[in-house]
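Me: Could you walk me through this model, one question at a time?

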Amino acid sequence: MGVLMSRRQTVEKVQKVSLAVSAFKDGLREQPSTRRRAEAGGTRQGTLEHAVQEGEEEASAGPSQPEESSASKAAWERLRDGRGVEPEEFDRANRFTPPAFIRPKRELHDDEPLDISLEQREQVLNDEMCEICEVWTAESLFPCRVCSRVYHDGCLRRMGYLQNDSAVEVTETAHTETGWSCYYCDNLNLLLTEEEMYSLMETLKHCKIIPETCLTLDDFLHYKHLVHKQQFEKPMAEAQEEQAALQFSALDPDKKGHIEWPDFLSHESIQLLQKLRPQNALLRLLTAKERERARTAFLALDQDNDGFIGEGECRRARHTWFRKHQKETPSCNVSISHVGPMSESSPASSSSGKSQEKTPQAAEQEEARLIDWSGFLKENVAYILAARPNSAALHLQPPA
């Protein structure tokens with residue numbers, strides 16, 4: 001039996017109670033007859049862009065150009081606000097409006113060194129109540145593998161964050177070691193401050209990137225060339241172009257010939273974080289689950305317990321952060337993805353074929369450089385953050 005506990009403003013209580021009740025009704029897909037009558041015959045419902053276009057059509061019967069500019073403006077506004085793509089056929093009559101995201105702000109001490117102990121393990125506890133409706137229903141809650149938030153699948157559907165395909169993924173992975181990222185953690189763009197987001201939007205506009213569109217390899221390389229020339233005032237070298245092509249392949253694991261907009265946006269967001277923030281500031285972005293996951297990885301690699309691992313082991317660990325879609329993962333109560341020594345059968349292992357061709361001398365030199373716990377965290381923090389999205393894409397391709 002659920003216990004309702006409100007932690008927010010009183011004006012939201014009625015909305016939350018309605019959501020909690022609706023999430024557990026059998027007839028979620030049925031449209032209430034009273035709502036149909038109130039719509040005054042308006043049976044056509046679609047995305048936010050479609051609503052904007054309908055408004056334009058009512059205001060003026062002119063050409064389609066005003067509609068296109070309105071749709072583009074709406075897309076840029078969603079990008080600025082961190083909302084991403086609006087859910088398909090968003091039904092405002094049967095769903096609540098998603099919360100407005102508040103972008104983080106940089107603090108004065110963010111760049112100072114951060115002491116994260118290897119020996120002192122952290123107790124990872126999930127929240128007791130659903131983040132959306134604030135109702136406790138024990139095992140029916142789905143935990144995020146990055147933060148402490150938990151959710152009802154019905155609540156996620158009512159918010160428009162859970163479609164048919166993703167519902168199966170949440171059900172199958174949320175309680176396994178692979179885990180599932182909630183809509184906050186899945187969007188790396190939400191890590192950017194307003195100033196950083198403004199910088200990214202200016203770059204995208206300068207390079208004539210249209211929000212919410214897919215990018216082909218030619219589009220991606222053209223964009224990378226423009227960004228490189230803008231930053232360094234010289235053309236991109238051939239080796240850098242090859243690296244960009246490899247990154248495109250990592251963002252297109254299904255070989256569809258294009259990369260989806262959320263994957264492109266996450267890649268650009270993590271790239272900008274690497275460029276503008278020092279490693280100490282990035283370390284402050286890690287959650288308790290991610291820090292504990294990193295401890296598990298380091299201790300598994302440090303088999304002689306001397307507090308150091310080889311450079312090759314550290315490099316291989318970067319690939320393991322992205323092992324998200326394992327088919328045979330045991331269940332666990334806490335969603336922390338396991339990261340250990342990478343097996344040769346791992347998908348990441350096959351993607352680093354060049355590293356397997358290194359000469360024994362090069363391999364010995366690589367293993368000669370020892371890395372302690374602090375260095376391990378700093379060298380892997382960007383890859384840990386880049387592995388947050390549920391997508392199978394590698395948003396930050398580790399070097400071979």
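**Cysteines and a helix pair**

Reply: Happy to! Cys-182 counts as buried, with a relative accessibility of 0% (buried means under 20% relative accessible area, exposed over 50%, partly exposed in between, with a 1.4 Å probe and protein chains only). This is a predicted model, where local features need pLDDT of at least 70, side-chain atom pairs count only at pLDDT 80 or more, and totals for chains, interfaces and linings use all residues. Residues are numbered from 1 along each chain as its sequence is written, and side-chain values use heavy atoms, leaving out hydrogens and water.

Me: How many disulfides does the structure hold?

Reply: A disulfide is a pair of cysteine sulfur atoms within 2.5 Å. The closest cysteine sulfur to that of Cys-144 belongs to Cys-147, and at 3.6 Å it is too far for a bond. Cys-182 is in no disulfide either, as its nearest cysteine sulfur, in Cys-144, is 3.7 Å away. The number of disulfides in the structure is 0.

Me: Is Cys-144 buried or exposed?

Reply: Let's go by accessible area. The relative value for Cys-144 is 0%, so this residue is buried.

Me: Which residues in H9 does H8 meet?

Reply: Contact here means heavy atoms within 4.5 Å, and helices are DSSP runs (H or I, at least four residues; strands are E, at least two) numbered from the N terminus. H8 covers residues 217-232 and H9 residues 238-251. From H8, Leu-217, Phe-220, Leu-221, Lys-224, His-225 and His-228 take part. Their partners in H9 are Gln-240, Glu-241, Ala-244, Ala-245, Gln-247, Phe-248 and Leu-251.

Note on methods: Axes are lines fitted to C-alpha atoms, for helices over the stretch in contact, and angles run from 0 to 180 degrees between N-to-C directions.
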